Each structure stands twice: as C-alpha cells, then as structure tokens.
Amino acid sequence: QLQLVESGGALVQPGGSLRLSCAASGFTLDNYYIAWFRQAPGKEREGVLCISSSGVSTNYADSVKGRFTISRDTAKNTVYLQMNSLKPEDTAIYYCAAQRRYYQGSFCLLSEWPYDIWGQGTQVTVSS
C-alpha cells in the first residue's frame, strides 16, 4: 500500500518556524514528484511548493517565496517542509502529495492534478 504520513504540525507564534515531515511507505520517494498543499478553513486547497522527480526543479506559491523550502532525505524516504517567518495566514491543514504516473515534465506542478498519493494532513496554527 502506497502511503504518505505527515507530522510536525503545531501551534506556533507569528514569526516562528516549523518543520513538517512527510514519510513515505510502500514506495520510494526518489523519482516521484512531491508537493505540499494546504487548506485553510473555508478555503480551497492550494499548492504551496513542490519538487520535481529529479530534485532539480522547485516551484513555490508567491505567498511563501523566501519563507518556505522543500527538501528530501533519501535515506529516510522523507520529504520536509521548512517554514520560517510564519504568519497567521499560514494557518491551515498541510498535506503532502506524490506522483509519477500522470506527469513527467521538467517542472513540478502546484495543481492537485496529477498527484495521486496523498497524506492525511497535519494542522499548523500560527497565533499569538
């Protein structure tokens, strides 16, 4: 069974940092496109950032550029989302997603398509 499990969500003060983890089981993250999405209360889920299967290309939503970064740890089969300078508007459930079946372009996509493996989400709350 192909599975992603997120962890690391927490309550953090504005300006603080947090690192989310996304661990894969049943498959190896190498050669998969990986993305982080988030969904705030009352809003649609949006793509935050992603990394291509080669690891060379990344793509960021404008709202997180310069604050969030994505990285992989091949040995741990885990992807990380490092979030710095957090703002209240970053409050959301954060999901990681993976795919390699439907899209093989040079760049990763921030749309929900083509990701077909999804985690259950982890809550991030930014508040004083």
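Predicted model: local features only at pLDDT ≥ 70, side-chain atom pairs only at ≥ 80, totals over all residues.
Residues are numbered from 1 along each chain as its sequence is written, and side-chain values use heavy atoms, with hydrogens and water left out.

The protein contains zero helices and eleven strands, where helices (H or I, at least four residues) and strands (E, at least two) are DSSP runs numbered from the N terminus. The order of elements from the N terminus is accordingly β-β-β-β-β-β-β-β-β-β-β. Along the principal axes, the C-alpha atoms fill a box of roughly 40 × 25 × 25 Å. The radius of gyration is 14 Å, in agreement with the value near 14 Å for a compact globule of 128 residues; this radius is taken over C-alpha atoms, and the globule rule is 2.2 Å times the number of residues to the power 0.38.

Buried residues account for 45% of the 128 residues. Here buried means under 20% relative accessible area, exposed over 50%, and partly exposed in between, with a 1.4 Å probe and protein chains only. The accessible surface of the protein amounts to about 6,500 Å², and 47% of this surface belongs to carbon and sulfur atoms; areas come from the Shrake-Rupley method with a 1.4 Å probe, and for residues only the protein chains shown count as cover. Among contacts (heavy atoms within 4.5 Å) with a separation of 6 or more, 61% link residues 24 or more positions apart.

Four strands form an open sheet in the order β1-β3-β8-β7, with antiparallel pairing. Two strands are taken to pair if DSSP finds at least two bridges between them. Strands β1 (3–7) and β7 (68–73) are at the edges with a single partner strand each, so one side of each has no neighbour in the sheet. Neighbouring strands are turned by 20° against each other on average, direction ignored; axes are lines fitted to C-alpha atoms, for helices over the stretch in contact, and angles run from 0 to 180 degrees between N-to-C directions. Strands of a sheet pair through backbone hydrogen bonds, either parallel or antiparallel.

Within this sheet, β1 and β3 run antiparallel and are joined by five bridges, one of which pairs Leu4 with Ala24 of β3. Strand β3 (residues 18–25) is also paired in the antiparallel sense with β8 (residues 78–83), over six bridges. The bridge partner of Cys22 in β8 is Val79. Beyond the strand, Thr28 lies in the loop between β3 and β4 (33–39) and is partly exposed at 47% relative accessibility. The C-alpha atoms of Thr28 and Thr78 are 9.1 Å apart, although 50 residues separate the two along the chain.

Arg67 is located in the loop between β6 (58–60) and β7. Its relative accessible area of 10% places Arg67 among the buried residues. The side chain of Arg67 makes a polar contact of 2.8 Å with the backbone oxygen of Ser63; such a contact is a pair of N or O atoms within 3.5 Å, where within protein one must be able to donate a hydrogen and the other to accept it, and residues adjacent in sequence count only if both atoms are side-chain atoms. Not counting residues up to four places away in sequence, Arg67 touches Gln82, Met83, Asn84, Ser85, Leu86, Lys87 and Asp90.

Ser85, one of the residues touched by Arg67, is in the loop between β8 and β9. Phi of Ser85 is near 50°, a positive value in a residue other than glycine, and Ser85 is partly exposed at 41% relative accessibility. A positive phi, near 55°, also occurs at Asn77, in the loop between β7 and β8. Asn77 is buried at 16% relative accessibility.

Thr91 is likewise in the loop between β8 and β9 (92–99), and is buried with a relative accessible area of 19%. The side chain of Thr91 reaches the backbone oxygen of Pro88 at 2.9 Å, and a polar atom of this side chain lies 2.9 Å from the backbone nitrogen of Val126. Leaving aside neighbours within four places in sequence, Thr91 is in contact with Ala40, Pro41, Gln123, Val124, Thr125 and Val126.

The peptide bond from Trp113 to Pro114 is cis, with omega near 15°. Pro114 is placed in the loop between β9 and β10 (117–118).
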